Each structure stands twice: as structure tokens, then as C-alpha cells.
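User: I have a model open on my screen and would like to talk through a few spots in it. Could you take me through them one by one?

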Amino acid sequence: MAFDLEMIQAVYAGMGARIEAARAAVGRPLTLTEKILYAHLYGGQVTQAFERGVSYVDFAPDRVAMQDATAQMALLQFMQAGKPKVAVPSTVHCDHLIQAQNGADEDLAVANAENKEVYDFLASVSNKYGIGFWKPGAGIIHQVVLENYAFPGGMMIGTDSHTPNAGGLGMVAIGVGGADAVDVMAGMAWELKFPKVIGVKLTGKLSGWTAPKDVILKVAGILTVKGGTGAIVEYFGEGAENMSCTGKATICNMGAEIGATTSVFAYDESMATYLRGTSRGEIADLAAGVAQHLRADDEVFADPAKYYDQLIEINLDELEPHVNGPFTPDAAWPISQFAAAVREHGWPEKLEVGLIGSCTNSSYEDITRAASIAKQAVTKGLTVNAEFTVTPGSELVRYTVQRDGLLDTFAEMGGVVLANACGPCIGQWARHTDDPKRKNSIITSFNRNFAKRNDGNPNTHAFVASPEIVTAFAIAGDLTFNPLTDTLTTRDGQQVKLDEPRGVEMPPQGYAVEDAGYQAPVVDGSGVQVVVDPSSDRLELLEPFKAWEGTDLHGLRLLIKAQGKCTTDHISMAGPWLKYRGHLDNISNNMLIGATNCFNGEANKVRDYVSQGVTYTTVPQAARNYKSMGIGTVVVGDENYGEGSSREHAAMEPRHLGVRAIIVKSFARIHETNLKKQGMLALTFANKADYDLIEEGDTIDIIGLTSFQPGQPLQARLHHEDGDTDLITLNHTYNEGQIEWFKAGSALNLIRLKEAGAAQLSQK
């Protein structure tokens with residue numbers, strides 16, 4: 001069925017006029033990215049051109065999607081906004097809280113029991129405020145969105161960094177924090193700096209062992225983990241048109257790993273095929289009627305270098321399969337060079353586990369290609385030398401591949417099918433291991449491979465590849481194996497080569513499912529009660545953050561000076577901490593426990609200058625000690641601080657524990673916005689070398705706040721223990737509206753004030 005058809009009809013009905021007005025305002029042909037953005041301006045039809053990478057613009061997204069871990073905090077915030085119902089179609093998807101341990105059925109039963117309080121809360125809040133609810137086991141948010149909600153030319157925000165997955169169906173879909181979602185659900189504008197546009201021209205056609213995953217693995221190697229920051233990546237060319245819709249979604253999904261705002265493909269026949277195959281033929285018909293608006297203008301295709309801020313060209317005929325890692329998703333290795341890299345760097349050659357599926361690679365096509373390799377292990381008499389797991393992306397996919405016998409194929413190989421949930425991809429993996437700290441290697445078809453990401457072990461070398469490459473490596477159990485050229489030994493001693501993978505884009509018998517897991521909200525939720533137990537350790541109603549006191553900030557203590565990579569996983573770990581995502585005080589006990597302290601090279605060990613005697617303690621405890629004394633703190637960080645997930649807990653926890661400013665060399669986009677939304681100061685060194693001036697015992701003053709304005713730097717005075725001082729300049733990207741968030745204490749505080757004012761006016 002097609003959800004929200006009237007909304008989609010309305011979007012398409014107004015698209016032509018808005019794009020024509022945008023083309024006139026800009027004075028040139030438009031990219032697809034620009035067409036979708038200009039068609040979704042909050043104020044309606046465009047009256048001026050916006051400067052890429054400079055102009056802050058108010059947008060009106062068509063819908064909001066939330067996963068269960070981030071939805072808790074987003075909806076706790078929405079409950080404070082005073083709105084009776086969400087203003088745009090919104091959904092909650094229960095996919096993050098299911099731990100992978102023994103298999104789908106058992107793991108789902110355990111999750112339903114352990115997380116009942118949270119699931120009941122999310123279901124009741126969804127019911128009250130008109131939000132669609134997808135039950136545990138229904139599937140991973142991004143796959144479910146692709147199957148049910150994504151539509152060409154639409155605009156969506158989601159409280160997960162891999163929301164861009166929907167770009168595979170031609171949608172501008174952007175990962176955000178929960179406070180951004182609250183804005184849109186409350187009917188307010190959503191602000192974004194107008195992105196730059198990176199064009200990726202794909203020529204040729206994928207064949208053999210090369211898969212869509214290899215496109216984004218290659219792009220990650222070119223752009224690095226921050227090369228896409230502030231930009232939307234737009235794929236085009238004959239190579240794009242020769243690719244499946246779900247293959248496009250894989251590429252867009254992992255675009256989050258290059259820091260891109262999102263990624264998008266133009267509407268084509270593969271998208272129409274997917275829409276019709278997922279019972280949305282009406283949307284395919286509507287899209288066909290506005291097809292000229294769902295692709296870049298012809299002039300852009302004719303001379304792309306003229307219209308994109310950066311242009312990358314990849315010939316799919318020449319593209320090799322890639323393996324990326326370890327510890328970062330942009331360490332890209334063509335398969336022909338990977339074995340040598342493994343030996344040169346001393347990475348563990350023995351492969352212990354291969355894991356396929358997740359939101360990135362669990363389509364019908366992915367499963368069939370991997371199954372074609374798994375089948376060979378059985379028919380050719382090969383011994384599988386590594387553990388192997390399969391995570392279906394949704395109940396629709398799981399039911400269909402089970403019906404078609406593909407799960408039986410994996411079982412014959414010795415694979416274990418996990419629940420339709422994120423599982424090991426986000427650290428929800430009770431891995432069976434004899435030593436949780438042992439140096440080892442795993443390979444996945446997931447999207448992210450930071451240290452400790454999958455199993456909590458900092459010595460697990462995690463590599464990322466396509467599902468078929470992962471399956472082949474699992475059979476070999478050896479990272480130096482090249483499935484394109486090498487042979488394997490059968491149980492009877494014969495040397496055999498694996499045949500190229502074979503996949504099917506769409507199920508020949510169509511998709512099928514008995515219970516997709518969807519629960520619609522009641523029409524009128526005014527009578528629905530949402531109850532949060534005051535004694536709960538999983539859920540906690542929020543208290544508004546305090547407004548700015550109106551002065552410069554003096555006597556702030558340095559909490560930690562983080563060195564090197566500091567992702568949202570370092571700032572607010574997932575895994576076992578996911579259970580506290582609805583309880584701000586409890587989850588704050590994981591704040592920055594993964595960050596490396598520059599002064600001692602250790603994690604979660606910082607100086608505490610207010611306890612009796614100068615001593616070392618954990619980061620959260622030091623923050624609590626300072627807060628109890630009424631002393632604000634500062635966190636200092638390195639490049640691309642806050643890389644990774646959209647989780648706003650990484651911003652809310654420091655805010656809750658008294659951190660007033662985050663000062664870094666550079667920010668990842670989502671995290672910088674999240675900090676601003678929570679009333680924090682997100683500042684960057686004007687001179688990156690000033691990072692080195694920060695000493696362990698410093699107290700810090702933030703100067704210039706009484707005249708805080710866009711484009712005007714602030715200053716920090718560093719008071720060192722030896723009595724010396726340094727005055728450094730701090731840049732910021734705050735506009736006037738964001739400065740109001742800071743002054744009010746948070747963006748939510750401002751929403752609540754405006755809502756209260758409107759209510760008072762209506763009563764007069």
C-alpha cells in the first residue's frame with residue numbers, strides 16, 4: 001500500500017512552479033539537489049537565490065522517521081512542545097534495542113521482555129500524537145522507509161545518520177538530531193545551510209564480483225570521512241541508470257561515512273520497478289508525470305563540471321571490488337591490493353566472523369548474490385572457516401527470502417539468521433568469544449567500522465565489503481584470499497574457484513509478508529495517556545535546560561582535551577548503553593568515556609581539580625563534581641569532532657553535566673547542529689595550532705558573548721597553572737536564530753516560549 005498518497009500528490013502538484021521560479025532566481029540550469037531543495041522551502045516559492053555552503057535556509061520536509069534509540073529522547077522533547085499532534089507524517093521504528101546473541105526468534109523474545117517499558121512508551125506516545133509505529137521485528141528503519149515511505153523528489157529528515165538510504169529512491173533524506181525532528185513535527189521550519197553539491201558521474205556497468213557497495217567504498221577512499229561535509233552527493237550517468245534501486249540505496253546509505261549531508265540519485269526505471277514491486281504503483285505513475293523535475297537539467301548532464309562544486313568520475317567497467325578498513329571506513333583497498341596490505345600492516349590474517357545484512361546491504365538482490373556464493377560452499381564441498389551471520393533488513397525481505405529458500409541456503413552453509421534489527425552493526429552483539437580483548441579480524445557488509453563499534457573490543461579489526469565478498473571471505477576464513485583469482489581446497493582435497501555471484505534484483509514471485517509489523521495511530525489521541533514511572537532507570541521526563549545568564553563565561557574548567565578521532569561513539573557509546581537512551585541522567589554516565597585524553601593517552605581518565613587533592617577520575621564523575629560546585633566546563637577536541645551517528649545524546653549529555661562550550665579544530669555537521677540545538681557553544685580554533693596551547697590545569701573564559709552575533713568571532717582567555725595567560729580567537733557558524741537558541745538555553749525552550757505566547761494570544 002502507498003502511505004500518505006495525498007501528501008505526495010500535493011508535493012508533485014507544486015513542484016513544477018517552484019522549480020521554474022528557482023531556475024529564474026538562480027539564473028541557470030539546476031542540479032537535482034537544487035530542484036528538490038528549492039521545491040521544499042518553508043516560505044513557499046523562492047524569491048532569491050541561495051549561496052551554496054553559505055546561506056542558511058528554512059525548509060519544510062515532507063516527513064520524519066525515528067528509530068527507537070533516538071526516538072525516546074526526540075519524543076520526550078516533543079512532549080514538552082505543547083502540540084496535540086505531529087504536523088507532518090512521522091514514524092517510529094523499533095530496530096536498535098534488539099541484541100544479537102542466539103538467533104532471530106530467541107533474541108526478539110528477549111528484547112520484547114527486557115525493553116517492554118520502552119516499547120510501551122514509544123507505542124503510546126506514537127498513538128497519542130498521530131505517529132506510525134513499527135513494532136520490534138518489523139525491520140531496520142532505513143529498509144522499512146525505502147519499502148514504504150521514500151518517494152522520488154521528496155524531502156525527509158530522520159533521527160539516524162543513515163537516513164540518506166532513501167536517496168536510492170530519489171529522495172533528499174537527511175540525518176538529524178531529535179531536536180531537529182521536534183521542530184518539523186511541531187510544524188516549524190527546519191534550518192540547514194544550503195549544501196554544496198558534489199557530482200559523481202558513473203559510466204559503464206557493474207559486472208562480476210563488483211557491486212554497488214564498491215562504488216561508495218571507492219568514493220569514501222577519494223573523499224575521506226570528512227570530504228563530503230556540507231555537501232550533497234548527486235550520482236548520475238549511464239552507470240547510475242544501469243543499477244538497481246536498492247543498489248543505489250546502499251551507496252546513499254554509506255554516504256554518511258564521508259560526512260555528506262545526504263546523497264541522491266535521479267528518478268529512473270529501476271526506481272519505478274521498485275515502487276511497483278513494493279505495492280506503490282500509484283507513486284510510480286505520479287512520478288512519471290513529473291519525471292523532468294526528478295532529474296538534473298540537460299545542461300547539467302552536458303557540462304557537469306560547470307554546475308557541481310566538485311566532480312568525480314568512476315568507470316564501473318574498471319571498478320574493482322573493495323575492502324575498507326580497519327578502524328575507519330575511508331581506508332579503501334581494491335581487492336587486488338588488499339592481501340598485500342593485510343600482510344604489510346600485520347593485521348590478523350585469520351578471519352573469525354563474516355556478517356552480512358544491516359540497513360546498508362539487506363535487499364533481495366544482496367541476499368541472492370550472497371546466497372549464490374553460499375550455495376557453492378555446499379555444492380563444491382567446501383568447509384566454511386569463519387562464523388557467518390545474516391541480518392535481514394525487514395520482515396518483508398526476511399519472509400520473502402525464506403519463502404524462496406535462501407535462508408535455508410545460508411543454514412546449509414552454517415550461517416545463523418539474526419533478528420530484523422541493527423544488531424552487530426551498532427554494537428548490539430553478544431559475541432561468542434573466548435577473549436573479549438583479543439586481537440582479531442572480522443568483515444561485514446555494514447557501513448561503519450570504528451574501533452569497538454561492533455563488539456566493544458578495541459582490538460577487533462573490522463573491515464567493510466559487499467555481502468558477496470564477505471560471504472567468500474567467510475568461506476575462506478582468510479583475509480589474504482582473493483575470490484577473483486584464488487582457489488580453495490575442498491574436503492576431498494580438490495582445488496576449486498568460486499564462480500561469480502549471481503543475483504536477482506526483484507523477487508520473481510513478488511514480495512510477500514504475513515505481518516509487516518505496522519501499527520497505525522488512533523485518529524484522535526487526546527484520550528491516550530503516556531505514563532513514565534518516576535522510579536524508572538530507562539525513561540526520565542526532561543527538565544528544560546537553563547537559559548544563558550547574560551554574561552561572558554568565566555572560570556570554566558577544562559574537562560578533557562580529546563586527542564585524535566572522537567566520534568559520537570567515543571562521546572556517547574552505543575551497545576549496552578542503548579538501554580538508557582530515554583534516561584538522560586543515567587546515559588550521561590557514558591559521556592566521553594571513549595575519548596583519548598591528550599595528556600596521558602588514556603581513555604576515561606582525567607584530572608579533577610575540585611575534589612580534595614588533585615586526583616584522576618572518570619570523565620562523567622569529574623563533570624558531576626564540577627557541576628556540583630557550580631563550575632562550568634569546556635571540552636576541547638581535534639578534527640571532525642562528532643563524526644558518525646546522529647545521536648543527540650552526544651550533545652545532551654555534556655549539556656546536562658555542565659559543559660558550556662566545545663572547542664575543536666573542526667566539527668562533523670550533524671553534531672555541530674545538535675550542540676547548537678541544546679544551547680551549547682560549538683566553537684572552532686581560528687588558528688588550529690592554538691589547540692596546543694590548552695594545558696591540563698587551565699581555567700578558561702569565553703569572551704564576547706554579550707555582543708554575540710553572526711560572523712563575529714569570540715575569544716577565549718586561557719589561565720594556566722603557572723600564572724601565564726593566552727588569548728585565542730574562536731570562530732563559530734551561528735546565525736541570528738541559532739544565537740537565540742543559545743540565549744534561551746535550547747531550541748526547544750524557544751519553541752515552548754513561542755507556543756505559550758501563541759496560546760496566551762488565542763485566549764485574549
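User: Is V264 buried or exposed?
Analyst: V264 counts as buried, because its relative accessibility is 0%, where buried means under 20% relative accessible area, exposed over 50% and partly exposed in between, with a 1.4 Å probe and protein chains only. Please keep in mind that this is a predicted model, in which local features need pLDDT of at least 70 and side-chain atom pairs count only at pLDDT 80 or more, while totals for chains, interfaces and linings use all residues. Residues are numbered from 1 along each chain as its sequence is written, and side-chain values use heavy atoms, with hydrogens and water left out.

User: Which strand is V264 found in, and what is it in contact with?
Analyst: V264 is found in strand β10, residues 262–265; strands (E, at least two residues) and helices (H or I, at least four) are DSSP runs numbered from the N terminus. Leaving aside neighbours within four places in sequence, V264 is in contact (heavy atoms within 4.5 Å) with L32, T33, I36, G167, G170, M171, I232, V233, E234, Y235 and C252. The C-alpha atoms of V264 and A173 are separated by 8.3 Å, although these residues are 91 apart along the chain.

User: Switching to strands, how many residues of β17 are buried?
Analyst: Five of the five residues of β17 (residues 440–444) are buried. Both faces are covered, with N440, I442 and T444 on one side and S441 and I443 on the other. In a regular strand the side chains alternate between the two faces of the sheet.

User: Which strands is β17 joined to?
Analyst: Four bridges join β17 to β14 (residues 351–357), and the two run parallel; strands pair if DSSP finds at least two bridges between them. I443 in β17 is the bridge partner of G354. Five bridges join β17 to β18 (residues 460–464), again in parallel, and T444 stands opposite V464 in β18.

User: Now helices: how do α15 and α18 pack?
Analyst: Helix α15 (residues 364–379) and helix α18 (residues 467–476) pack at about 20°, with their axes 8 Å apart; axes are lines fitted to C-alpha atoms, for helices over the stretch in contact, and angles run from 0 to 180 degrees between N-to-C directions. That makes α15 roughly parallel to α18, since angles under 35 degrees count as roughly parallel, over 145 as roughly antiparallel, 65 to 115 as roughly perpendicular and the rest as oblique.

User: Which residues meet there?
Analyst: D366, R369, A370, I373, A374 and A377 in α15 meet P467, E468, T471, A472 and I475 in α18. The residues of this contact divide into seven nonpolar, one polar and three charged, with Ala, Val, Leu, Ile, Met, Phe, Trp, Tyr, Cys and Pro counted as nonpolar, Asp, Glu, Lys and Arg as charged, and the others, Gly among them, as polar.

User: And at what angle do α15 and α17 pack?
Analyst: α15 and α17 (residues 406–413) pack at about 40°, with their axes 9 Å apart, and they are therefore oblique to each other. The contact includes A370, A374 and A377 of α15 and F410 and M413 of α17.
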